[in-house]
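Welcome, and please take a moment to look over the sequence and the model before reading on. The report below walks through a few regions, one after another.

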Amino acid sequence: MLGQVIDLIEKHNRFAITSHIRPDGDSLGSSLALCWILRCLNKEAEVIMCDSVPHSYSRLPGANDVRVVKDIDRDYDAVFVIECSDVTRPGLPSLKDQFVVNIDHHSTTALFGDLNWIDSTAAAVGEMIYNLAKAIGAKITPEIASCVYAALLTDTGSFHFSNTTERTFKIASDLVKYGAQPAKLSQAIFYNYPYAKIMLVGAVLSTLQRDESGRIAWITMTKEAQEQSGATEDDSDGIITYPLTVGDVEAVAFFRELPNSTYRTSLRSKNRVNVARVAEHFGGGGHANAAGFTIQADFEELSRDVIERLKEAVANAPAVNGREIKPR
Ligand code: 5GP
Ligand code: MN
């Protein structure tokens, strides 16, 4: 499939790259890196998104050139769609009429593209974009290296998650050689928060609850908490990590209240607890350890259902032997 993607790039000239609503580090880093690669190959390319670049990623090379659009408004030979579960996720209605190249590392992705390049072994789509750059013979510039590094850094939770492999570190090492600056990128992404975000962290963490086993925890962001802290919805990203830092906690839900009794729900887990299955039940998707969904529901019922399903997911997870970390 990579061969067909390379063929398409070599035979055509005008490309757009897009990704899902509320882009994250992998979707943005990978999109920007692909844009830089295409431009290095003397192609016309631009990144278009329905949402603007979140503050945390505003310092990535090329972030200022991302064009925020409501729909496809120019002619392209093909549109690359990065890490989207279906053709509606980018929020661009006429995308369905374009020649679409679907590039993703989620195993739950629908094969909605005219070309579908899916690699669920990749820690981030960034790994796939790096492989593409190598395979097509593009020179890896510091811009490309920085954007791919940002994708790897964020989708592996700063190399904490189980998707982090030998290949991830090999690629990260290459990227540093090509000009990515790890400390600078970490600082731009993780040490560059608005004050309002930390106020929001305080308000949300004060809602922390856990079940009787202590293995499941949940937090809630009400509209009031968001308004009172002066934070944006993006500022709530990352808060879900805190409950997971409790030693006994194996699964976490984060309910974010949106208008019209709608709740954007994020799920995270440790070890072999599969929360993607839980998210799929509520119409969403994601990875085994990080998934989510958005639903209109009564909050009491929703939270009860989600917690019940998380309990099942924890109970059904294969046991992790002992507390000692055994080398593989
Ligand atoms: P987050 O909790 O950071 O929003 O999302 C975590 C993971 O779940 C990401 O891999 C993301 O793509 C996936 N995810 C979150 N919301 C949805 C959704 O509504 N639909 C699908 N298919 N995946 C989602
Ligand atoms: Mn990703």
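Does Asp-155 count as buried or exposed? At 17% relative accessibility, Asp-155 counts as buried, because the cut-off for that class is under 20% relative accessible area. Do keep in mind that this is a predicted model.

**Gly-25 in helix H2**

Let us turn to helix H2 (residues 25-40), where Gly-25 is found. Gly-25 counts as buried, at 1% relative accessibility. Leaving aside residues up to four places away in sequence, Gly-25 touches Ser-30, Tyr-57, Ala-150, Ala-151 and Thr-154. One of these, Tyr-57, is 32 residues apart from Gly-25 along the chain, yet their C-alpha atoms are separated by 6.9 Å.

How many of the residues of strand E8 (residues 216-221) are buried? The answer is six of six, and the strand is mostly covered. In a regular strand the side chains alternate between the two faces of the sheet. In E8, Ile-216, Trp-218 and Thr-220 point one way, Ala-217, Ile-219 and Met-221 point the other way, and all are buried.

E8 has a pairing with strand E7 (residues 209-210) in the antiparallel sense, over two bridges. Here Arg-210 stands opposite Ala-217 in E8. The hairpin of E7 and E8 has five residues between the strands, and Gly-214 takes a positive phi near 80 degrees there. With strand E9 (residues 251-258), E8 pairs in the parallel sense over six bridges, and Met-221 stands opposite Arg-256 in E9.

**Aromatic pairs**

The structure holds six aromatic pairs. Two of them are set out here.

| Pair | Centre distance | Plane angle | Type |
|---|---|---|---|
| Tyr-149 and Phe-159 | 6.2 Å | 65 degrees | edge-to-face |
| Phe-282 and Phe-293 | 4.8 Å | 15 degrees | stacked |

Tyr-149 in helix H4 and Phe-159 in the loop between H4 and helix H5 (166-177) are ten residues apart, and their pair links distant parts of the chain. Both Tyr-149 and Phe-159 are buried. Together with Phe-169, they form one aromatic cluster.

As for the stacked pair, Phe-282 lies in the loop between helix H10 (276-281) and strand E11 (285-287) and Phe-293 in strand E12 (residues 290-296), so the two rings tie together parts that are eleven residues apart in sequence. Phe-282 counts as buried at 11% relative accessibility, and Phe-293 likewise at 4%.

**Lysines over rings**

Finally, two lysines deserve a look. Lys-177 lies over the face of Tyr-178, at 5.2 Å from the ring centre. Lys-197 lies over the face of Tyr-193, at 4.4 Å from the ring centre.

Definitions and conventions. Residues numbered from 1 in each chain as written. Chains lettered and ligands numbered in written order. Predicted model: local features only at pLDDT ≥ 70, side-chain atom pairs only at ≥ 80, totals over all residues. Heavy atoms only, no water. Buried < 20%, exposed > 50% of the residue type's maximum accessible area, 1.4 Å probe, protein only. Helix = DSSP H or I, 4+ residues; strand = E, 2+ residues; numbered from the N terminus. Pairing = 2+ DSSP bridges. Contact = heavy atoms within 4.5 Å. Phe/Tyr/Trp six-rings, centres within 6.5 Å; stacked < 30°, edge-to-face > 60°. Lys NZ or Arg CZ within 6 Å of the ring centre and 35° of its normal.
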